[in-house]
Amino acid sequence: MEGWEVAPPERYDELWAPFTARYGFVPGAVPAIDEPSPSVTFDLSGFFTAAEQSAFNATERAVNALALLAMTRVFAPGERVVALDWEHDCHWFHPHVQAVSQEPLWRLVVPNGDYYAFVSEDASTGTFGHPWEQTLCVFGRPMLDALAPLLTPLLPVKRDHR
C-alpha cells in the first residue's frame, strides 16, 4: 500500500466535511450528491451485471487504471488526494507514488460495495462512486478534462452537467 496513507480515525469527520458541505452528500439517495457543474456521471451498471467475473474484473481494473492516469495529470508530484470510503478507513492517496509502485492497485474509484470519493483537499475536483446506482461522477474542470475523455469510449454517460 505504498501510495496509501491511513488517516487517523479522529480526523474522519474533518476529512468528510468539505465534501459533504460542498456536494450535500446523503447516503442512500439517488443521486447521493448534488452533482456540480461541470461534471459527468458515467453508468457502470453494464459491467456490474456482466455474466463473467473476468469481464467485471477487467473493466474495473481498466477504469481504476485510467483514473490513476488522470490523477497523475491533475495532481502534482507530492500532492495527495483525500480518499473517502463510506463507513471505512479514510486515506490520503498519493497518485504519483502509486503509479510507480510495485504494489497492485487494489482499489480506486469504482464503487465496489461502498461510496468512494477521491477528491482534492479542498474537494473542488475528483470522483464520486455510488455503489447502488452503479455510477461514477467525475467533477471539477481539472479531473473532468483529464478523465472524462478516457472513460467516454468505455462507459455510457448517465448525466452530463457541462
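These legends describe close-up views of one predicted model.

The model is predicted, so local features need pLDDT of at least 70 and side-chain atom pairs count only at pLDDT 80 or more, while totals for chains, interfaces and linings use all residues. Residues are numbered from 1 along each chain as its sequence is written, and side-chain values use heavy atoms, with hydrogens and water left out.

**View 1. An open sheet of eight strands.**
The strand order is β1-β4-β3-β5-β6-β7-β2-β8, with antiparallel pairing. The edge strands are β1 (4-6) and β8 (157-160), each pairing on one side only. From one strand to the next, the twist averages 20°. Strands here (E, at least two residues) and helices (H or I, at least four) are DSSP runs, numbered from the N terminus. Two strands pair if DSSP finds at least two bridges between them. Strands of a sheet pair through backbone hydrogen bonds, either parallel or antiparallel.

**View 2. β2 beside β7.**
These two strands pair in the antiparallel sense over five bridges. Valine 40 stands opposite valine 138 in β7. Helix α5 packs on the sheet, touching β2, β6 and β7. The direction of α5 makes about 135° with that of β7. Axes are lines fitted to C-alpha atoms, for helices over the stretch in contact, and angles run from 0 to 180 degrees between N-to-C directions.

**View 3. The buried residues of helix α5.**
Helix α5 spans residues 141-151. Its buried residues are Met143, Leu144, Ala146, Leu147, Ala148 and Leu151. Buried means under 20% relative accessible area, exposed over 50%, and partly exposed in between (1.4 Å probe, protein chains only). Their cover includes β2 (39-43), α3 (53-74), β6 (126-130) and β7 (135-139).

**View 4. Helix α1 across the sheet.**
Helix α1 (residues 12-23) lies across β3 (81-85), β4 (91-93), β5 (116-119), β6 and β7. It runs at about 80° to β3.

**View 5. Aspartate 85 in strand β3.**
Aspartate 85 counts as buried because its relative accessibility is 6%. Leaving out residues up to four places away in sequence, aspartate 85 touches Trp16, Arg107, Asp114, Tyr115 and Tyr116. Contact means heavy atoms within 4.5 Å.

**View 6. Leucine 44 in the loop between β2 and α2 (45-48).**
Leucine 44 is buried, with a relative accessible area of 0%. Apart from neighbours within four places in sequence, leucine 44 is in contact with Pro111, Gln134, Thr135, Leu136 and Leu155. Leucine 108 is 64 residues from leucine 44 along the chain, and their C-alpha atoms are separated by 14 Å.

**View 7. The largest cavity.**
About 40 Å³ of space lies in this cavity. The lining consists of Pro31, Ala32, Ile33, Glu35, Thr41, Phe128, His130, Glu133, Thr135, Cys137 and Arg159. β6 and β7 each supply at least two of the lining residues. On a 1 Å grid over the protein atoms alone, a cavity is a set of points where a 1.4 Å probe fits but cannot get out, and a pocket is an open set with protein on both sides within 12 Å along at least five of seven lines; lining residues have an atom within 4 Å of a point.

**View 8. The largest pocket.**
This pocket holds about 150 Å³ of space. Its lining is Asn57, Glu60, Arg61, Asn64, Ala65, Leu105, Trp106 and Arg107. Grid points are joined across faces, edges and corners, and a volume is the space filled by probe spheres set on the points.
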